[in-house]
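I opened my notebook today to look a few things up in a protein model. Here is what I had on screen.

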Amino acid sequence: MNIHESKLRFGIAKTARQISQLGYTRSSDGNISARLDDNHLLITPSGVYKAWMRAQDILLIDLDGNQINPYASKKPTSELYMHLEVYQQRPDIRAVIHAHPPYATALTLIGQPFPNELVPEALIGLGEVPTAAYATPGSQRMAENIRNLIRQYEALLLDHHGCLCAGRDLDDALIKLERLESVAQLYWLAHQLGKIVPLPPEELLKLKDISVSYRQNPE
Ligand SMILES: [Zn+2]
């Protein structure tokens with residue numbers, strides 16, 4: 001194992017523990033992958049408690065989903081197809097986090113679209129966040145349901161399920177996930193207080209312009 005693979009394994013395990021500590025996923029839910037090279041991915045196994053994920057638990061697979069070490073004691077996440085779909089559609093994407101953050105997921109339970117115009121950082125950092133139609137978790141249909149969306153967007157809600165955040169590295173995907181959940185939480189809090197006052201239309205146009213350049217060259 002080279003140093004690059006070793007570092008990436010540690011990065012994925014650390015991110016898994018992080019999303020568990022932040023409450024973005026519970027139990028063994030959620031999964032993380034990262035591009036190792038042009039033909040291989042590293043991905044979290046199924047059934048491992050996220051708070052205890054270790055670098056040696058992470059599995060090596062090819063872009064067709066075949067496990068490189070067939071004698072490994074664990075199998076890749078059941079949501080493998082969804083991860084493979086992202087990498088197939090987006091050569092620029094190097095990391096994918098799928099989680100079940102409660103505030104963001106709750107929006108999908110009532111059919112509420114993600115409030116991407118709620119505050120400036122939502123629009124700038126995430127842009128539009130569409131909701132992928134429901135499909136049984138782990139199914140090929142789930143991968144099909146994100147296919148067109150992930151070509152254009154990097155943060156998606158998954159109806160009655162959770163979310164998917166893709167990035168140029170693990171940190172980028174985690175930043176998107178944390179922003180997504182914090183905006184959803186803010187939306188819930190504001191709703192407890194009263195009617196939400198929208199940002200003015202001219203400000204939204206300005207923020208959309210900033211959003212495009214920010215996401216091309218984030219600082
Ligand atoms: Zn899931």
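**Entry 1: salt bridges.** I kept in mind that this model is predicted. I looked up the salt bridges and found that the structure holds eleven of them. I began with Glu85 and Arg147, whose closest N and O atoms are 2.6 Å apart. This pair links distant parts of the chain, with Glu85 in helix H2 (residues 80-89) and Arg147 in helix H5 (residues 140-152), 62 residues apart. Are the two partners buried or partly exposed? Glu85 is buried, because its relative accessible area is 5% and buried means under 20%. Arg147 has 29%, so I wrote it down as partly exposed.

**Entry 2: a network.** Next I asked myself which residues are linked in a network of salt bridges. They are Arg90, Asp92, Glu154, Arg168, Asp172 and Lys176. I checked two of the links around Asp172. Arg168 pairs with Asp172, with the closest N and O atoms 3.0 Å apart, and Asp172 pairs with Lys176, also with a closest N and O distance of 3.0 Å. Asp172 and Lys176 both sit in helix H6, four residues apart, which is about one turn of the helix. Both of them are buried, while Arg168 is partly exposed at 44% relative accessibility.

**Entry 3: two helices crossing.** I stayed with H6 and looked at how H3 (residues 102-109) meets it. Their axes come within 7 Å and cross at roughly 65°, and the crossing is left-handed. Pro102, Tyr103, Ala104 and Leu107 make the contact from H3, and the residues on the H6 side include Leu180, Ala184 and Trp188.

**Entry 4: Trp188 again.** Trp188 also turned up on the surface, where it forms a nonpolar patch with Leu186 and Leu189. Together the three have about 280 Å² of accessible area. Trp188 counts as partly exposed, because its relative accessibility is 44%.

**Entry 5: positive phi.** Most residues other than glycine have a negative phi. I noted Ser27, where phi is near 55°, in the loop between H1 and strand E1 (31-37). His160 has a phi near 55° too, and it is found in the loop between strand E6 (155-158) and strand E7 (162-167).

**Entry 6: Ser20.** Ser20 is buried at 12% relative accessible area. Leaving out residues up to four places away in sequence, Ser20 touches Thr25, Lys50 and Ala51.

Terms used. Residues are numbered from 1 along each chain as its sequence is written. This is a predicted model: local features need pLDDT of at least 70, side-chain atom pairs count only at pLDDT 80 or more; totals for chains, interfaces and linings use all residues. Side-chain values use heavy atoms; hydrogens and water are left out. Patches are made of residues with over 30% relative accessible area and no salt bridge: like charges are joined within 9 Å, nonpolar side chains (Val, Leu, Ile, Met, Phe, Trp, Tyr) within 5 Å. Accessible areas come from the Shrake-Rupley method with a 1.4 Å probe; for residues, only the protein chains shown count as cover. A salt bridge is a side-chain nitrogen of Lys or Arg within 4 Å of a carboxyl oxygen of Asp or Glu. Buried means under 20% relative accessible area, exposed over 50%, partly exposed in between (1.4 Å probe, protein chains only). Axes are lines fitted to C-alpha atoms, for helices over the stretch in contact, and angles run from 0 to 180 degrees between N-to-C directions. A crossing is left-handed if the near helix is turned anticlockwise from the far one by less than a right angle, and right-handed if clockwise. Contact means heavy atoms within 4.5 Å.
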